[in-house]
Amino acid sequence: FYDDYEKFKTFYHGHTYSANPIGCAAALASLQIFEEEKTLTKLKPLIKLFHNQLETFRSLDLVGDVRYLGLIGALELVEDKKTKNPHDIKLRLGQRVFQAGLKKNLIRRPLGNVIYLFPPLCITEKQLILILNRTYDVIANLKV
């Protein structure tokens, strides 16, 4: 992968934002704001609310598992809650949740039959509850 410069023999590979000075400056400024505004400390009540609200999704017939860490959540849609048997991927349930969510001004991230939630760290409690209620409504009303 490497030789003398004149031979142009090298592994020309880099990530889109590698060493981008503007991207690096923005990242450093974001970290500074996080520190100054104590962003992560302020999120603790929202994270607790997020986890508690996500647990309510377990009552839905389609939801076989609920997973979360911080402000990241995942809802696994299953055919049978006891066996956790998944729905046929051809039903495209995740895509159907995405499409129904758009009608409620939501953008959900489906990967197969798993719906991911990544709310922004600047979200308010009111916004978080609204998003979770709308997501709940979408899944509760999904026809299989």
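This report describes the fold, the helix packing, the nonpolar core and selected loop residues of a predicted model.

## Overall architecture

The chain contains five helices and five strands. Followed along the sequence, these elements are arranged as α-α-α-β-β-β-α-β-β-α. Of the 144 residues in the chain, 27% are buried. Among contacts between residues at least 6 apart in sequence, 49% join residues at least 24 apart.

## Packing of α3 against α5

Helix α3 spans residues 44-55 and helix α5 spans residues 125-140. Their axes come within 11 Å and cross at roughly 15 degrees. Angles under 35 degrees count as roughly parallel, and α3 is therefore roughly parallel to α5. The crossing of these two helices is right-handed.

On the α3 side, the residues that meet α5 are L46, L49, F50, Q53 and L54. Their counterparts in α5 are E125, L128, I129, L132 and N133. Sorted by class, the contact of α3 with α5 comprises seven nonpolar, two polar and one charged residues.

## The nonpolar core

The largest nonpolar core has 24 residues. Within this core, the residues with the most contacts are L54, F57, L75, L77 and I139. L54 also takes part in the meeting of α3 with α5. Two or more core residues come from each of α3, β1 (63-69), β2 (72-80), α4 (93-102), β5 (114-117) and α5. As a general point, nonpolar side chains tend to be buried together in soluble globular proteins.

The surroundings of I139 illustrate how the core is joined across the sequence. Setting aside neighbours within four places in sequence, I139 is in contact with F57, L60, L62, V63, L75, L77 and V97. Among these partners, F57, L75 and L77 are, like I139, listed with the most contacts inside the core.

Y136 is located in helix α5. With a relative accessibility of 27%, Y136 counts as partly exposed, because that class covers values between the limits of 20% for buried and 50% for exposed residues. Not counting residues up to four places away in sequence, Y136 touches T56, F57, S59 and L60. F57 and L60 are also contacts of I139. The C-alpha atoms of Y136 and L60 are separated by 8.4 Å, although these residues are 76 places apart along the chain.

K143 lies in the segment after α5. Its relative accessibility of 62% makes K143 exposed. In space, K143 and L62 are 9.8 Å apart from C-alpha to C-alpha, with 81 residues of separation in sequence. L62 is itself one of the residues in contact with I139.

## Loop residues

Two residues other than glycine have positive phi values. K38 has a phi near 55 degrees and is found in the loop between α1 (21-37) and α2 (39-42). R92 has a phi of about 50 degrees and is placed in the loop between β3 (85-86) and α4. K38 counts as exposed at 52% relative accessibility, and R92 counts as exposed at 51%.

R58 occupies the loop between α3 and β1. With a relative accessible area of 35%, R58 is partly exposed. Beyond its neighbours within four places in sequence, R58 is in contact with V63, D65, V66 and K81. V63 is also a contact of I139.

P120 is situated in the loop between β5 and α5. At 44% relative accessibility, P120 counts as partly exposed.

| Residue pair | Separation in sequence | C-alpha distance |
|---|---|---|
| R58 and K81 | 23 residues | 9.3 Å |
| P120 and L71 | 49 residues | 8.0 Å |
| Y136 and L60 | 76 residues | 8.4 Å |
| K143 and L62 | 81 residues | 9.8 Å |

## Summary

In this predicted model, α3 and α5 pack roughly parallel with a right-handed crossing. K38 and R92, each in a loop, have positive phi values.

Notes
Residues are numbered from 1 along each chain as its sequence is written. This is a predicted model: local features need pLDDT of at least 70, side-chain atom pairs count only at pLDDT 80 or more; totals for chains, interfaces and linings use all residues. Side-chain values use heavy atoms; hydrogens and water are left out. Axes are lines fitted to C-alpha atoms, for helices over the stretch in contact, and angles run from 0 to 180 degrees between N-to-C directions. Helices (H or I, at least four residues) and strands (E, at least two) are DSSP runs, numbered from the N terminus. Angles under 35 degrees count as roughly parallel, over 145 as roughly antiparallel, 65 to 115 as roughly perpendicular and the rest as oblique. A crossing is left-handed if the near helix is turned anticlockwise from the far one by less than a right angle, and right-handed if clockwise. Contact means heavy atoms within 4.5 Å. Ala, Val, Leu, Ile, Met, Phe, Trp, Tyr, Cys and Pro count as nonpolar, Asp, Glu, Lys and Arg as charged, and the others, Gly among them, as polar. A nonpolar core is a set of buried Ala, Val, Leu, Ile, Met, Phe, Trp, Tyr and Cys residues joined through side-chain atoms within 4.5 Å. Buried means under 20% relative accessible area, exposed over 50%, partly exposed in between (1.4 Å probe, protein chains only).
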